[in-house]
Amino acid sequence: MEEIVILSGKGGTGKTTLTASLSALIEDKVIADCDVDAPDLHLLLNPEIKEEKEFKGGYRVKIEKERCVECGLCRQLCRFGAISEDFIIDDFLCEGCGLCFNACPQKAIKMDIETAGYIYLSKTKYGEFIHAQLFPGEENSGRLSSEVKNLARDIGIRENKKYIIIDGPPGIGCPVIASLSGADLAIIVTEPTQSGISDLARIVQLTQFFKIETKIVINKYDINFEMTEKIEEYGKRKGVEILSKIPFCEDVIEALKNKMPVVEYSKGPASAEILNIKKKIFG
Ligand code: SF4
Ligand code: SF4
């Protein structure tokens with residue numbers, strides 16, 4: 001089973017458009033959306049949720065005022081300065097180490113594991129789809145991305161699938177590293193702008209560090225030929241293939257409005273180029 005991750009330096013470069021279309025074109029795969037902070041692949045795949053499970057985040061620690069005798073021991077012990085003078089725990093400073101919980105002579109401290117989001121297992125007309133949503137302000141997006149990916153792997157192995165197609169998060173943070181670990185191929189979608197080139201360079205550095213085969217797709221390459229040339233030169237210098245140059249195409253916007261993969265919406269120039277990508281990689 002091969003894992004193909006589609007990445008981009010920032011949101012809005014066409015990463016999800018490409019992932020949705022490849023999901024529609026490729027047979028025998030499981031689809032996963034590892035962008036758990038701002039998932040949007042589901043908007044184009046119209047999933048029917050079959051199962052949902054809670055994603056447990058960190059501990060939430062609380063002092064029960066009615067039991068607390070204000071002895072001060074917990075404040076003394078907490079190395080993170082998370083307990084105020086009036087014995088209230090600051091969620092941002094608390095690391096959930098459990099020391100105060102174990103030490104309190106009055107058993108006045110409670111520790112609960114909080115639900116930080118949900119993982120969904122869905123059916124789509126393109127195959128099985130794993131996606132998730134982390135609640136706003138919650139941490140652990142890297143761990144949630146890993147859980148989404150592991151679930152996709154389990155299903156892929158169980159059902160003897162050939163591919164896992166992963167919509168990775170934008171940027172180079174923890175969830176990106178989680179999506180990349182163990183991948184066979186990273187496709188980086190970029191746009192011909194100055195910031196696009198800098199973002200691209202940061203991800204290529206990451207994929208090359210992890211020794212993952214990498215290919216570049218230049219989206220809307222015809223909006224700036226000079227920058228496109230620069231990306232091509234950059235690819236040559238780094239030994240990274242420019243897999244495709246997708247032209248600007250109004251159909252992409254229309255397909256998004258209609259909540260469907262562009263290859264299903266039209267046979268225009270963007271769809272034709274995505275079909276080429278599919279043939280080059282998956283035959
Ligand atoms: S150790 Fe327990 S009793 Fe003492 S101040 Fe902390 S919460 Fe209150
Ligand atoms: S759980 Fe640890 S970090 Fe949090 S308040 Fe208690 S001692 Fe401090």
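This is a predicted model: local features need pLDDT of at least 70, side-chain atom pairs count only at pLDDT 80 or more; totals for chains, interfaces and linings use all residues.
Local features are reported at pLDDT of at least 70 and side-chain atom pairs at pLDDT 80 or more, whereas totals for chains, interfaces and linings use all residues. Residues are numbered from 1 along each chain as its sequence is written, and chains are lettered from A and ligands numbered from 1 in the order in which they are written.

The chain is divided into domain 1, formed by residues 2–56 + 117–282, and domain 2, formed by residues 65–107; the bounds come from an automatic or database domain assignment. Taken over C-alpha atoms, the centres of domain 1 and domain 2 are 44 Å apart.

Consider now the helices, which are DSSP runs (H or I, at least four residues) numbered from the N terminus. Helix 1 (residues 15–25) packs with helix 11 (residues 269–282) at an angle of about 60°, and 10 Å separate their axes. Axes are lines fitted to C-alpha atoms over the stretch in contact, and angles run from 0 to 180 degrees between N-to-C directions. Helix 1 and helix 11 are therefore oblique to each other, the term for angles that are not under 35 degrees (roughly parallel), over 145 (roughly antiparallel) or 65 to 115 (roughly perpendicular). Their crossing is right-handed, that is, the near helix is turned clockwise from the far one by less than a right angle. Helix 1 contributes Leu18, Ser21, Leu22 and Leu25 to the contact, and helix 11 contributes Ile274, Leu275 and Lys278; residues are in contact if their C-beta atoms, placed from the backbone, lie within 7 Å. By class, these residues comprise 5 nonpolar, 1 polar and 1 charged. Here Ala, Val, Leu, Ile, Met, Phe, Trp, Tyr, Cys and Pro count as nonpolar, Asp, Glu, Lys and Arg as charged, and the others, Gly among them, as polar.

Helix 7 (residues 194–209) and helix 8 (residues 225–238) pack at about 20°, with axes 11 Å apart, and are therefore roughly parallel to each other. Helix 7 passes helix 8 in a right-handed crossing. Ile197, Leu200 and Val204 of helix 7 meet Met227, Lys230, Ile231, Tyr234 and Lys238 of helix 8. This contact has 6 nonpolar, no polar and 2 charged residues.

Finally, the ligands. Ligand 1 is surrounded by 13 residues, the closest being Cys68, Cys71, Leu73, Cys74 and Cys104; a residue is near a molecule if its C-beta atom, placed from the backbone, lies within 6 Å of it. The shell of ligand 1 has 10 nonpolar, 2 polar and 1 charged residues. Around ligand 2 there are 14 residues, of which Cys78, Ala82, Cys94, Cys97 and Cys100 come nearest. Its shell has 11 nonpolar, 2 polar and 1 charged residues.

Key: Helices (H or I, at least four residues) and strands (E, at least two) are DSSP runs, numbered from the N terminus. Two residues are in contact if their C-beta atoms, placed from the backbone, lie within 7 Å.
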